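Good morning, and thank you for coming. I would like to take you through one model, beginning with a term that will be needed throughout.

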Amino acid sequence: MEDVLVPVMVVGMLFIGLPWLVFHYITKWKQAKTLTVDDENLLDDMHDTARRLEERVITIERILTAENPNWKMNG
């Protein structure tokens, strides 16, 4: 009985278990490769925050230049 059972199990593992394992991890890899909706929303929020901060820095530099044109040389 064991002479038949072991080769059947080994063949089953090689031709069913191994491809299933490979395709399972390929599927997981493809899913992790893309951005989720939450990731895209987070990136949009970060982009908006960076744009607002850049506008504030430009405004502050414009105000400082109006008050003291040589402020960049002093710092």
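A residue is called exposed when its relative accessible area is over 50%, buried when that value is under 20%, and partly exposed in between. With that cut-off in mind, consider Asp-38: its relative accessibility is 61%, and therefore it counts as exposed.

Let me turn to the overall architecture. The protein contains 3 helices and 0 strands, and from the N terminus the order of elements reads α-α-α. How does the radius of gyration stand against that of a compact globule of 75 residues? Such a globule would have a value near 11 Å, whereas the protein has 31 Å. The C-alpha trace spans about 95 × 25 × 10 Å along its principal axes. What share of the 75 residues is buried? The share is 0%. As for the surface, the protein exposes about 7,300 Å², and 66% of that area is supplied by carbon and sulfur atoms.

Two pairs of positions illustrate the distances within the chain. Phe-23 is placed in helix H1, which covers residues 2–33. Its relative accessible area is 55%, so Phe-23 is exposed by the cut-off of over 50%. Phe-23 and Trp-71 are 48 residues apart along the chain, and 62 Å separates their C-alpha atoms. Gly-17 also belongs to helix H1. With a relative accessibility of 32%, Gly-17 counts as partly exposed. Between Gly-17 and Leu-43 there are 39 Å in space, C-alpha to C-alpha, for a separation of 26 residues in sequence.

I now come to the charges. The protein carries 8 positive and 12 negative charges, and the mean positions of the two sets lie 8 Å apart. Where is a negative surface patch formed? Asp-38, Asp-39, Glu-40, Asp-44 and Asp-45 form it. Asp-38 sits in helix H2, which runs over residues 37–67.

Side chains of opposite charge can pair when their charged atoms come close. How many salt bridges does the structure hold? There are 2. One joins the side chains of Arg-51 and Asp-48, with a distance of 3.9 Å from N to O. Both residues lie in helix H2, 3 residues apart, which is about one turn of the helix. In the other, the side chain of Arg-51 meets that of Glu-55 at 3.2 Å, again N to O. Arg-51 and Glu-55 are 4 residues apart in helix H2, likewise about one turn.

Which residues are linked in a network of salt bridges? They are Asp-48, Arg-51 and Glu-55. Are these residues buried, exposed or partly exposed? Arg-51 has a relative accessibility of 38% and so counts as partly exposed. Asp-48, with a relative accessible area of 32%, is partly exposed, and Glu-55 is partly exposed at 41%.

To close, I would recall two points. The predicted model has 3 helices and 0 strands, with a radius of gyration of 31 Å. Thank you for your attention.

Definitions and conventions:
Residues numbered from 1 in each chain as written. Predicted model: local features only at pLDDT ≥ 70, side-chain atom pairs only at ≥ 80, totals over all residues. Heavy atoms only, no water. Patch = residues over 30% accessible without salt bridge, like charges linked within 9 Å, V, L, I, M, F, W, Y side chains within 5 Å. Areas by Shrake-Rupley, 256 points an atom, 1.4 Å probe, with all protein chains shown as cover. Salt bridge = Lys/Arg side-chain N within 4 Å of Asp/Glu carboxyl O. Lys, Arg positive; Asp, Glu negative; His and termini not counted. Charge placed at Lys NZ, Arg CZ, Asp CG, Glu CD. Helix = DSSP H or I, 4+ residues; strand = E, 2+ residues; numbered from the N terminus. Buried < 20%, exposed > 50% of the residue type's maximum accessible area, 1.4 Å probe, protein only. Rg over C-alpha atoms; globule rule 2.2 N^0.38 Å.
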